[in-house]
Amino acid sequence: MKTKRNVLLPLLTMSLLAVTANSAEPKRSAAREAVADAQQVIPGGIDEFKAVEIGGIKQWIHVRGNDARNPILLYLHGGPGSPMMADSWTFQRPWEDFFTVVQWDQRGAGKTFGESGRKVDRSMTIDQMQADAEALIEWLRRTYGKEKIFLLGHSWGSILGVKVAQHHPEWLYAYIGVGQVVGMRRNESVGYEQTLAKARALNNVQAIKELESIAPYPSADGTTSLPKLVTERKWDVALGGMIYGHHADNEVLHWSMSPDYDANDVKSAELGEQNTIRVLWSQLPRVDFDKVSRFECPVFIFAGAEDRTTPQTLAKEFFDRIQAPQKKFYKVEGAAHYVVSERPGIFLLDLVRDIRPLADGNR
């Protein structure tokens, strides 16, 4: 009986989970319909949801705004492989009065990963992802008749953002960095030390034990194994360094309620996130912007005061060092890594007051 019970229990558990998921889906479908209804753009606005040819494959974008005369803002999501399209319903709607906002599921992420048949592209490189971003910007400029756009890079997306801003500043009204990566080795080292310090301040014995067990972090050669990364991020999240005041990141719940995603897309996003980080993680230690000293376009950096994922202390050092035609740094209190959704009102106020006017006269 014991052996039989051990065989049957996983099957029973899987059946119960399937029943639970199936019973929950009608409610999620209704929730998605409600969100879609509340998110409708006004008559005459832009709401275009489609896959476009970028870098030789179909990649999904959602273009939304209430006035086609408004400037375009392209959002480069984090990860790598962590789409923001399906999270955007939690914060983006007010932006659409001032910008035509473009959410893009990058190569290996979300709906784009699903479009590929969930085939893992082990040839992905950072340079290829930068080329994809530039190809999309060219497509947006051509399609919507815009000489320039605003470019927002979050976390991993801030790596692509800096690279694009350095390569094609003439395309940009401004580069906006949120959760700005400066150099992966230092980012990981400082973030780890800050997370460990937080664990010690809280006297969290389990966190201290697990974090100390992965030292040195990163390794002496600057690399970090994925198991060590998982442990560090586990406690980064649990101790509020990812989302301030929260001990979990409920991104899958948000995806499940998005009108842009169905259950199949949510699964694609989960699998894409897992696989893309595996492909690109070994390349990230080479990312280092310490030698970047000047931008030829305006630069704005937003950093959550409690961000230990991409430490705001490093983002401030980077900001202080660079020269740009115009620049401003925003240290956002009561926020960590997801400033746009943690303090949405403050973020939008700064975005509209300080950054949006750069496009005035170019509607």
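Reply: Happy to! Helix 7 gives the largest share of the lining of the largest pocket, six residues. Helices here are DSSP runs of H or I with at least four residues, numbered from the N terminus. Helix 7 spans 226–238, and at least two lining residues each come from this helix, helix 4 (156–167), helix 5 (184–201) and helix 9 (263–280).

Before going further, a word on the source: this is a predicted model, in which local features need pLDDT of at least 70 and side-chain atom pairs count only at pLDDT 80 or more, while totals for chains, interfaces and linings use all residues. Residues are numbered from 1 along each chain as its sequence is written, and side-chain values use heavy atoms, leaving out hydrogens and water.

The largest pocket holds about 920 Å³ of space. Its 34 lining residues include Gly-79, Ser-82, Arg-233, Glu-273 and Ile-277, the closest to the pocket centre. A pocket is an open set of points on a 1 Å grid over the protein atoms alone, where a 1.4 Å probe fits, with protein on both sides within 12 Å along at least five of seven lines; lining residues have an atom within 4 Å of a point. Grid points are joined across faces, edges and corners, and the volume is the space filled by probe spheres set on the points.

By type, the lining has 16 nonpolar, ten polar and eight charged residues. Here Ala, Val, Leu, Ile, Met, Phe, Trp, Tyr, Cys and Pro count as nonpolar, Asp, Glu, Lys and Arg as charged, and the others, Gly among them, as polar.

Now for the chain leading up to helix 7. The loop between helix 6 (205–213) and helix 7 contains Pro-216, and Pro-218 lies in that loop too. A cis peptide bond joins Ala-215 to Pro-216, with omega about -5 degrees; another cis bond, with omega about -10 degrees, joins Tyr-217 to Pro-218.

One step back, Asn-203 lies in the loop between helix 5 and helix 6. Phi of Asn-203 is near 55 degrees, a positive value in a residue other than glycine, and Asn-203 counts as exposed at 58% relative accessibility.

Definitions and conventions
Buried < 20%, exposed > 50% of the residue type's maximum accessible area, 1.4 Å probe, protein only.
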